[in-house]
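The sequence and structure are shown below.

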Amino acid sequence: MNKSKLSASLFALALAAPLAHAHEAGDIIVRAGAITVNPKADSSSVKVDQGPLSGANLGGKATMSSDTQLGLNFAYMLTNNWGIELLAASPFEHDVKIKGTALGAANGKLGTLKHLPPTLSVVYYPLDAKSAFQPYVGAGINYTWIYDEHVGSEAQANGFSNFKAKNSWGMAFQVGADYMITDNIMINAQMRYIDIDTRATVENDAVAPGTRARVNVDVDPFIYMVGLGYKF
Ligand code: NI
């Protein structure tokens with residue numbers, strides 16, 4: 001390529017780049033990527049709430065591992081700057097551990113649970129529609145459906161059974177950015193904070209018949225997603 005051809009194509013590129021515009025009223029944006037849920041998991045101490053030891057405070061706390069799944073966003077632009085967005089994902093699975101209780105056999109891995117955290121948000125894109133770079137902020141409501149709670153084999157051997165955790169409604173906040181690499185395809189990165197609170201209970205007839213313990217957990221995860229998007 002000679003010099004004049006090169007400068008001509010650079011000039012064409014410079015002209016074309018600002019035209020790779022993003023996000024106008026009526027656009028539908030679908031994003032997919034790797035999404036990680038990293039629970040903060042602040043919890044109350046473990047308390048016995050049923051059975052002969054009811055009221056006993058065992059101390060300690062619950063923790064949860066993080067997990068990465070396939071994340072999906074479905075967004076619809078109401079105006080050039082405002083959109084609504086639904087977060088969906090393949091099911092997350094977390095290990096639940098109990099630490100530092102007065103009952104030695106209760107410490108360690110309690111089990112696993114799965115959840116789906118669909119979140120509906122209103123999203124604001126401050127830059128004008130011609131910008132290829134589209135940062136955004138959003139706020140919305142989350143419903144976390146917790147299911148498939150299982151007591152781990154070691155905890156089961158120590159008499160634990162019937163592990164359950166309650167579903168949660170809460171607020172969700174996010175920041176993110178799209179960068180248009182063509183008129184339709186974008187790179188996306190986003191971060192969310194979701195207020196997820198649950199109450200977990202587990203039974204143990206080996207400690208004393210009819211014993212149930214409970215722990216309140218502020219799961220309150222930070223959620224990270226990176227991926228690609230397509231604008232229809
Ligand atoms: Ni919370």
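Predicted model: local features only at pLDDT ≥ 70, side-chain atom pairs only at ≥ 80, totals over all residues.

## R31 and E85

R31 and E85 form a salt bridge through their side chains, with an N to O distance of 3.3 Å. R31 belongs to strand 1 and E85 to strand 6 (residues 82-89), so the contact ties together parts 54 residues apart in sequence. Both R31 and E85 are buried. The two residues also take part in a network of salt bridges with D178 and R192.

## Other salt bridges

The structure holds nine salt bridges. One of them joins K231 and D27, whose closest N and O atoms are 3.9 Å apart. K231 sits in strand 16 (residues 222-231), while D27 is in the loop between helix 1 (3-16) and strand 1 (28-38); the pair is 204 residues apart. K231 and D27 are both buried.

D49 and R212 form another salt bridge, at 2.7 Å from N to O. This pair links strand 3 (residues 46-50), which holds D49, to strand 15 (residues 211-218), which holds R212, across 163 residues. D49 has a relative accessibility of 18% and therefore counts as buried, whereas R212, at 22%, counts as partly exposed.

D195 is partly exposed, with a relative accessible area of 27%. D197 also counts as partly exposed, at 33% relative accessibility.

Key
Residues numbered from 1 in each chain as written. Heavy atoms only, no water. Buried < 20%, exposed > 50% of the residue type's maximum accessible area, 1.4 Å probe, protein only. Salt bridge = Lys/Arg side-chain N within 4 Å of Asp/Glu carboxyl O. Helix = DSSP H or I, 4+ residues; strand = E, 2+ residues; numbered from the N terminus.
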